[in-house]
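Reader: I would like to learn how to read the features of a model like this one. Could you take me through it step by step?

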Amino acid sequence: MNEVKKPKRPLIYYYVIVLLVLLVFNFLCMPLMAERRIQEVDYNTFVSMANAGEIGQVELQQSENRILFTNSDGTAIYKTGMVDDPELTQRLLDSGAKFSGEIIEQASPFLTFLLSWVLPILVFIWLGQYMSKKLMEKAGGPNSLAFGMGKSSAKVYVKSSEGIKFSDVAGEDEAKEALAEVVDYLHNPGKYREVGAAMPKGILLVGPPGTGKTMLAKAVAGEANVPFFSMSGSEFVEMFVGMGAAKVRDLFKQAKAKTPCIVFIDEIDAIGKKRDNQIGGNDEREQTLNQLLTEMDGFEENSGVMLLAATNRPDSLDPALTRPGRFDRRVPVELPDLKGREEILKVHARKIKYTDDVDFNKIARMASGASGAELANIINEAALRAVRTGRGAANEADFEESIETVIAGYQKKNAILTDAEKKVVAYHEVGHALVAAKQTNSAPVQKITIVPRTSGALGYTMQVEEGNHYLMSREELENRIATFTGGRAAEELVFGLVTTGASNDIEQATKIARAMITQYGMSDEFGMTAMETVQNRYLGGDSSLSCSPETQTAIDRAVSKLIETQHAKAKKILSDNRAKLDEIAGTLYERESITGEEFMRILNA
Ligand code: ADP
């Protein structure tokens with residue numbers, strides 16, 4: 001899509017500037033240059049020239065206390081200072097000099113007025129405008145405080161041949177289907193009017209960051225071939241109360257002039273948060289929201305203005321904003337599933353060169369839980385790695401490495417582990433892998449490595465699900481916890497010590513165990529009571545407890561009991577397979593990185 005540029009200045013603007021320059025040149029510079037031609041002589045010379053009758057014209061400039069005169073044929077101009085000479089006039093009359101008013105042409109009073117009053121004012125106005133324009137550019141648009149108050153800074157896009165289409169957005173089929181109706185409506189509103197069907201005025205795209213909400217909104221505009229106004233929610237909120245509201249008015253004024261069109265408000269939660277009367281409430285934001293609600297009520301159904309908004313905090317939105325008649329249609333844009341991930345990878349891989357052996361399905365499986373933006377990043381990292389190693393195309397190893405880079409950070413070049421530490425890390429990682437492999441219903445191990453990463457991980461075990469996994473059973477979750485505790489269990493078993501290396505495992509295991517008890521109803525003690533509510537589902541999902549302090553204590557106890565049971569199970573698995581543990585850890589220690597297949601080969605040998 002192309003952003004529409006502001007119209008150029010009219011030609012007359014430049015004409016005026018040229019005219020001013022000419023005027024200045026004529027009436028300021030010319031006299032100055034003439035002044036330069038004047039030769040200064042002393043009074044004696046003047047008197048002797050007068051006596052000899054060699055003076056053509058003469059001008060007595062009382063105000064400047066000087067006498068200007070020319071020679072008899074007028075080719076040279078002289079000046080001399082005025083002295084107290086009573087016979088001066090008589091002397092000049094005798095010499096036959098002509099008394100003249102304009103040896104050097106002076107500007108007319110009107111022009112003098114123009115130059116000394118009008119011109120400076122014009123120059124200052126121009127300078128002011130120029131500076132304000134520059135300042136506005138710096139402040140990011142004509143919405144900065146002092147200049148163009150209350151103007152919306154919406155970027156207007158019109159469709160161009162390279163505009164984003166639905167085909168550029170991979171996966172997200174449900175969202176595309178919901179939006180295809182909007183496109184159809186924008187193409188042919190009459191069809192809907194005939195039946196009496198009204199399109200929703202607003203559509204809310206909700207989902208985690210980086211799943212393609214903005215892209216989808218742009219694709220709607222691209223497919224519908226209509227103007228697209230895009231603005232971020234935070235751009236409305238200003239320092240002074242009322243300015244955001246003015247911007248909303250301006251945005252809708254612009255949009256109504258261009259119907260049919262799409263208005264897209266990104267991160268709408270910046271203005272759409274629930275209104276409350278708490279201290280520190282935000283008057284400006286609430287005013288802006290009120291104005292938005294009013295505007296949405298103000299335009300008729302089927303008027304051709306279609307509002308799209310994106311947010312990843314739908315639960316924080318004001319109920320007035322989501323009621324029927326406003327943003328009443330909600331389109332979830334979720335993290336892509338396996339097929340979606342594969343498609344997204346393929347869409348982005350079109351932009352880079354890669355070898356034929358790359359299996360996108362495998363890469364998609366490895367990148368489980370990644371968002372569209374992360375997948376785009378993985379593709380780019382792979383291309384960068386190919387360039388870094390001096391190859392013309394990215395190969396499968398580049399993609400695998402780039403997934404690890406996106407997950408765990410870059411390899412640390414100069415992190416030197418002592419021999420003993422390296423051994424502990426090797427046992428720790430193999431502990432995870434072995435516990436995972438020996439349990440049923442557990443994702444297979446894809447790779448084990450003990451190369452330190454910039455994220456701080458000293459090594460990690462990558463497990464990859466084969467297909468999509470929507471439901472988790474109690475047993476599977478318990479197995480996961482056991483896998484997380486496997487690292488620490490191996491350290492205890494082999495070295496009889498505990499290290500700090502397990503802190504992340506402990507955190508993850510605790511999270512699962514707590515969720516099992518408080519959210520999934522998987523404990524015998526509490527049964528199916530919800531004791532936690534999840535907030536901000538799309539932004540990590542913090543949870544808050546909603547139970548009495550006594551119950552909280554009991555939950556804490558149940559969580560640690562659950563983890564302890566699984567820890568004991570992991571320890572038992574490892575001690576039963578002690579020989580394999582030693583063998584695989586030894587191999588890993590030497591090679592620093594082994595694949596899932598090698599791991600299974602040693603295990604099954
Ligand atoms: P959001 O608005 O949901 O935070 P964006 O629409 O800004 O996310 O997406 C960010 C980037 O991620 C896009 O520019 C695109 O490169 C990539 N992306 C995300 N989802 C998809 C998808 N479904 N198909 C292709 N690319 C995607």
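**Rings, ligand and backbone**

Author: Happy to! The structure holds nine aromatic pairs. One of them is Tyr185 with Tyr192, an edge-to-face pair with 5.6 Å from centre to centre and 85 degrees between the planes. Before we go on, note that this is a predicted model, in which local features need pLDDT of at least 70 and side-chain atom pairs count only at pLDDT 80 or more, while totals for chains, interfaces and linings use all residues. Residues are numbered from 1 along each chain as its sequence is written, and side-chain values use heavy atoms, with hydrogens and water left out.

Reader: What makes two rings a pair, and which planes count as stacked?

Author: Rings of Phe, Tyr and Trp (its six-membered ring) pair if their centres lie within 6.5 Å; planes under 30 degrees apart count as stacked, over 60 as edge-to-face, and the rest as tilted. Here the rings of Phe228 and Phe264 have centres 6.0 Å apart and planes at 20 degrees, so this pair is stacked. Phe228 belongs to strand S9 (residues 228-232) and Phe264 to strand S10 (residues 261-266), so the pair ties together parts that are 36 residues apart in sequence. Helices (H or I, at least four residues) and strands (E, at least two) are DSSP runs, numbered from the N terminus.

Reader: Are Phe228 and Phe264 buried or exposed?

Author: Buried means under 20% relative accessible area, exposed over 50%, and partly exposed in between (1.4 Å probe, protein chains only). Phe228 is buried at 0% relative accessibility, and Phe264 is buried at 1%. Tyr185 and Tyr192 are buried as well.

Reader: Which residues form one aromatic cluster?

Author: Tyr43, Phe46, Phe69 and Tyr78 form one.

Reader: Which charged ends sit over the ring of Tyr589?

Author: The general test is that NZ of Lys or CZ of Arg is within 6 Å of the ring centre and within 35 degrees of the ring normal. At Tyr589, the charged end of Lys422 sits over the ring at 5.0 Å from its centre. The charged end of Lys423 also sits over the ring of Tyr589, at 5.6 Å from the centre.

Reader: Now the ligand. How many residues surround it, and which are the closest?

Author: A residue is near a molecule or strand if one of its heavy atoms lies within 4 Å of it. For the ligand, 16 residues surround it, and the closest are Ala170, Gly210, Lys213, Thr214 and His348. By class, the shell has seven nonpolar, six polar and three charged residues. In that scheme Ala, Val, Leu, Ile, Met, Phe, Trp, Tyr, Cys and Pro count as nonpolar, Asp, Glu, Lys and Arg as charged, and the others, Gly among them, as polar.

Reader: How much of the ligand does the protein bury?

Author: Accessible areas come from the Shrake-Rupley method with a 1.4 Å probe; for residues, only the protein chains shown count as cover. Taken alone, the ligand exposes 560 Å², and the protein buries 79% of that. Helix H7 (213-224), helix H13 (338-349) and helix H15 (372-388) are the elements that give two or more residues to the shell.

Reader: And the backbone: where does phi take a positive value in a residue other than glycine?

Author: Glu172 has phi near 50 degrees. Glu172 lies in the loop between strand S7 (155-158) and helix H5 (173-187), and is buried with a relative accessible area of 11%. Phi of Glu267 is near 45 degrees. Glu267 sits in the loop between S10 and helix H10 (269-272), and is partly exposed at 34% relative accessibility.
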